Amino acid sequence: MQYHNGTTWVDVPKQARSPAIPRADYNHVQFPTLTAQRFRVVMTHQAGHRTALKELQVFHAGAHAPPAHNVAPYALATVDPSFRSAGQARLTGVVKDDALPRGTLTATWSKVRGPGTVIFAQPNAPSTLATFTEPGDYTLKLTASDGARSTESTVDITAAAIPAVVNVATAATPTASYTSPWEQVAAINDGIDPPSSNDGVNRRWGTWPEQGEQWVQLEWPNPVRVNASDIYFFDDGGGVRLPASWRLQYWNGQSFVDIPATYDVAANQYVHTDFPGVTTTSMRAVLVGETASVGVLEWQVHNEPSTVDPLRLETRQSVLPALPATVTRTYGDGTHVDSPVTWATVTVKDVSKPGRITVYGVTNDIPLIVEATVEIRRGRQGG
Ligand SMILES: [Ca+2]
Ligand SMILES: [Ca+2]
């Protein structure tokens, strides 16, 4: 709660809240009597959400307000069960506070136990991506702090090893030549395995009533090198049928180019296609409907396995190492592709003594664990 003191907005002093932590519907705030013409409620959104207010009532209750106490923040560590990427977890934490004592609230993810290193994409965001450098059982901790008091919540995660080949489609942005208003192009790479080509449960991409040549497209923020596809066609037995023919295309930097391959057509299963590896930022599946419209329920695109050479870096005692923003992947045919990398957090304490430490990172888009050996030399800068 804030009021306008004639010059500026200031916090209403000594707010006693019931409940202390915000909840849906009724929230009661008592405070010593004050005189003002303008009151307002200042709300901080939960990460990834928005806030709405249904009703605000302000009273002169005539009663003494109870004393205001700083209540420790609320913290809940959870994972998104629908996120399926081996060796990684989508953390979906919740932190809340009574805005006392200073209106600040921080969230911090850390590892409690587990066989490997945990790389948090954003260690200070309640919702973030965690990557596990080794398979096994982990316990992660979300700490919420208001500057004076803190609360911890833990979550247990069993991590699998990161496979060399993954479905990179889920990291791409989908678009299409046309989408029926009641269908969704986001259906093509949402990671849901369809129960049949006439899926009446999950969202779908379809082009009814458009016929002829239609396409769906995947676009990646950084180049990927891929050599296989699994596509599950939509066929409702009516206006949307299997394509008469289809083909894959890739963006060569100037235009979409047909990929030579054998293109099978089948209902109620993934149709697998191997093709010569291409390095690209975008692919299209072009479907031709001769007497009906076409559609796709799910489209997977698989990368070629790649390696990243271990890095060797140097730093001085108590100076954070300059970890590179990108690393170079090498594919079997000798192709090199630069990939952005997220590094595990390195603190000044980690490099406080001369010696050697290993810092782990994970490449974005196609996850691959990267290892940097950092040699810590004696003496401070200039020493
Ligand atoms: Ca508090
Ligand atoms: Ca789907």
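In which sense, parallel or antiparallel, do β21 and strand β23 pair, and over how many bridges? The pairing is antiparallel, over two bridges. The legends below start from this pair.

This is a predicted model, in which local features need pLDDT of at least 70, side-chain atom pairs count only at pLDDT 80 or more, and totals for chains, interfaces and linings use all residues. Residues are numbered from 1 along each chain as its sequence is written, while chains are lettered from A and ligands numbered from 1 in the order in which they are written.

**View 1. Six strands make an open sheet.** The order is β21-β23-β24-β25-β26-β22, and the pairing is mixed. Strands are DSSP runs of E with at least two residues, numbered from the N terminus. Two strands pair if DSSP finds at least two bridges between them. Strands of a sheet pair through backbone hydrogen bonds, either parallel or antiparallel. β21 (306-307) and β22 (311-316) are the edge strands, each pairing on one side only. β23 covers residues 326-331. There, Y331 is the bridge partner of S306.

**View 2. Domain 2 touches domain 3.** The domain assignment gives domain 1 (74-159), domain 2 (168-303) and domain 3 (307-377). Such bounds come from an automatic or database assignment. The C-alpha centres of domain 2 and domain 3 lie 36 Å apart. Their contact takes eleven residues from domain 2 and nine residues from domain 3. Contact means C-beta atoms, placed from the backbone, within 7 Å. On the domain 2 side, β16 (212-233) and β19 (271-289) each give two or more residues. β16 gives the most, with six residues. That side divides into six nonpolar, four polar and one charged. Here Ala, Val, Leu, Ile, Met, Phe, Trp, Tyr, Cys and Pro count as nonpolar, Asp, Glu, Lys and Arg as charged, and the others, Gly among them, as polar.

**View 3. The largest nonpolar core has 68 residues.** A nonpolar core is a set of buried Ala, Val, Leu, Ile, Met, Phe, Trp, Tyr and Cys residues joined through C-beta atoms within 7 Å. Buried means 20 or more other C-beta atoms within 10 Å of a residue's own; exposed means 12 or fewer. Residues with the most contacts inside the core include V216, W205 and A285. β16 gives the most to this core, with nine residues. V216 touches W205, A285, V296 and W299, among others, not counting residues up to four places away in sequence.

**View 4. K54 sits in a loop.** The loop runs between β5 (39-40) and β6 (74-76). K54 counts as exposed because it has 7 C-beta neighbours inside 10 Å. The C-alpha atoms of K54 and N167 are separated by 43 Å.

Terms used:
Two residues are in contact if their C-beta atoms, placed from the backbone, lie within 7 Å. Helices (H or I, at least four residues) and strands (E, at least two) are DSSP runs, numbered from the N terminus.
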